[in-house]
Amino acid sequence: MNHSRRPTPRQATLQQSSDAPRSMSRLASEVLLAFASDGVLAKHIQGFSARQSQVEMAQIISDAIACKGNAVIEAGTGVGKTFAYLIPAMLSGKQVIVSTGSKNLQEQLFLKDLPALTSMLGIAPKLALLKGRNNYLCQYRLDRQMQEASHIEARLLDDLLKINQWAGMSKDGDIGGLTSVAENSPALPLVVSTKETCLGQRCEFYDACFTRKARNRAMDAKIIVVNHHLFFADSVLKDTGFAELLPDPDVVIFDEAHLLPDICVSYFGQQSSSRTIDDYLQKLLQIYQTELSDTGQIAQFCQRCLAKLSDWHNGLFSIAESDWRVLLGNKSIALASWDLLAELTALQKLLLAHVGRSELLDDIAVKLAELNHKLNQFFQCDNPQAAYSIEFGSRFVMLRISPINIARECQQLFVANTSWIFTSATLQVNRSLAHFAKELGISDAKAHILDSPFDYPRQALFCVPRQLGNVANQQQALKQLVDVCVKAIEAAQGRTFILFTSHKMLEQTAMALRTRTQYPLLVQGQAGKQSLLTKFRQLGNAVLLGTSSFWEGVDVRGKLLSCVIIDKLPFVSPDEPLYRARADNISRQGGDPFTQVSLPQAIIALKQGVGRLIRDEKDCGVLILCDNRIVNRPYGQAFLNSLPPMARTRDLEQALAFLRQIP
């Protein structure tokens, strides 16, 4: 597949001052002036003082933009990377896509940082915020729901009526602006835009379509803010219904770029959910009942498919193995899989006989054929360069085919007529960016490591307690972790994050701590991530326990967070299907899977967790790692070389004393 983008005409900005791309020297000088001691930032931001690393990063990006070059930049916490890439982007006069790892950062850029810089710099480039299609209301789906109002349960109907009222007032249809309905309302999935339900130009609401309008705004903008999932869905899957949502830009800047390898694996691979099978079958039964009641065969075939789907589910859930290659060795699972596909294929052929009688049926017939093709590819399991895995939900399963090497696909995507800039606080492994560049197939980018300006030796103490035992002994590891947590929580007066590599250890630790500390415990799963963080900040003396989602994208500054405890080094499970497939491939080529895959991934993950502690130049705190492999094993030095230069100790009492002196 060729992922290169078509060239598009340049768009004009509103002001003459930024209506043409800058030359290299002119752009560099304008950027330097902005950061100068008497520049616009100093004039508009009280107490502003440019950091050398921030200015250096802005210069690197200016050069990359002016020369159509590529750059990979690790910018440590506190460098100020947001302004370092936004100012060159805005002053360049070029069309720039800024892609972030989260909606929160995406909205911060668009609603706060870009408007502020627009005012300071005295320019007015057109700006656009573009989200994935399921963030926008679909007028067609809402209309269909309202037509079925007499059959809808009262509470659900109340929410639909509120959404309908809001839809008449909303200018952009962004569900994020809908406040009259709860975020978890069951009405929302029924009315948001989806690829599966999009009719494109055939839709009666095409002219008013919020998703189409958002796309048009992006095509006309100079700075377009998106998130990584939308960027790759658009670039790789063409996941719209209107051709691509995104224009062909001059520059793409990826913030939080450490997330890209995992996201690329998802988008360059293939996935399908058994929930989709169930949805199609239920919709066909509804079509039979409402539109095509003379076609009893459709109902019969659907019921047979549902029975086979149930048999298949029961078999999978009884074994609960995530590696499909292992599951294929079970004859009953293999037989149930092909039986299911045979019934779905028979249904697909039956639907062809009724094409033209119902638009909804025609749409499902096309999508069922696509789904059956995906299932056949998954069941065949014949690509040695891919991992085949199953992710188990509460009722349904997700089937994934993941490429073990994404470099080739990325090389086709990151085309030469665009400047590609990758930045994050956590990209380097053992003081090198080679691992990240190799994963994404980036061969011609200039690599730069810009260290944090924070005074880590003074602000932070890193403790690996001397008395720790072997983390492989789970009961021993649990006991020593809880003992350390109790002492640290007391010394820190709450104000602690405890980060885990597994849900099981989190649950066991939470249970043990409930009887051993008087400080409030906030445990992942009790509420949503943002709700827990809000409570943590409000309480002022809380202890938060979380797994992977709390290792990154969490910013708690000042005295509210004094201690971060990590249960063990975050190595991927050797039984994880994608790791197993990558490891086998590397071994066949004579390489070492541990040093080439497992170790680099663990280092970057640990750096993310460590990064929660010091978020500001005034922060102080203690990091405690309850895993002595970092000091006892040869590979531990690679971890230590990659972490910020914190003061270190093996004496837990010294760490506790440091915590007690934090006011």
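## The second largest pocket

Sorted by class, the residues lining the second largest pocket come out as six nonpolar, eight polar and three charged. Here Ala, Val, Leu, Ile, Met, Phe, Trp, Tyr, Cys and Pro count as nonpolar, Asp, Glu, Lys and Arg as charged, and the others, Gly among them, as polar. This is a predicted model, where local features need pLDDT of at least 70 and side-chain atom pairs count only at pLDDT 80 or more, while totals for chains, interfaces and linings use all residues. Residues are numbered from 1 along each chain as its sequence is written, and side-chain values use heavy atoms, with hydrogens and water left out.

The space in this pocket comes to about 510 Å³. Its lining has 17 residues, and Asn405, Lys438, Ile586, Gln596 and Val597 are the closest to the pocket centre. Helix H18 (434–439), helix H23 (577–588) and helix H24 (593–610) are the elements that each give two or more residues to the lining, and H24 has the largest share with five.

A few terms: on a 1 Å grid over the protein atoms alone, a pocket is an open set of points where a 1.4 Å probe fits, with protein on both sides within 12 Å along at least five of seven lines, and lining residues have an atom within 4 Å of a point. Points are joined across faces, edges and corners, and the volume is the space filled by probe spheres set on them. Helices (H or I, at least four residues) and strands (E, at least two) are DSSP runs, numbered from the N terminus.

## H15 and its two partners

Take H12 (residues 274–290) and H15 (residues 331–352) to begin with: they pack at about 40°, axes 13 Å apart. Axes are lines fitted to C-alpha atoms, for helices over the stretch in contact, and angles run from 0 to 180 degrees between N-to-C directions. H12 and H15 are therefore oblique to each other; under 35 degrees counts as roughly parallel, over 145 as roughly antiparallel, 65 to 115 as roughly perpendicular and the rest as oblique. Ile277, Leu281 and Leu284 of H12 make the contact with Leu344, Leu347 and Leu351 of H15 (heavy atoms within 4.5 Å). By class, that's six nonpolar, no polar and no charged.

H15 also packs on H16 (residues 359–380), at about 155° with the axes 10 Å apart, which makes the two roughly antiparallel. Among the H15 residues in this contact are Trp338, Leu344, Leu347 and Leu351, with Leu361, Asn372 and Phe379 among those of H16.

## H3 against H4

H3 (residues 52–67) and H4 (residues 81–91) pack at about 35° with axes 8 Å apart. From H3 come Gln54, Met57, Ala58, Ile61, Ser62 and Ile65, meeting Lys81, Phe83, Ala84, Tyr85, Pro88 and Ala89 of H4. Nine of the contact residues are nonpolar, two polar and one charged.

## Two positive phi values

Alanine 320 isn't a glycine, yet its phi is positive, near 55°. Look for alanine 320 in the loop between H13 (296–319) and H14 (324–327). Arginine 431 is another non-glycine with a positive phi, about 65°, and it's in the loop between strand E9 (419–424) and H18.
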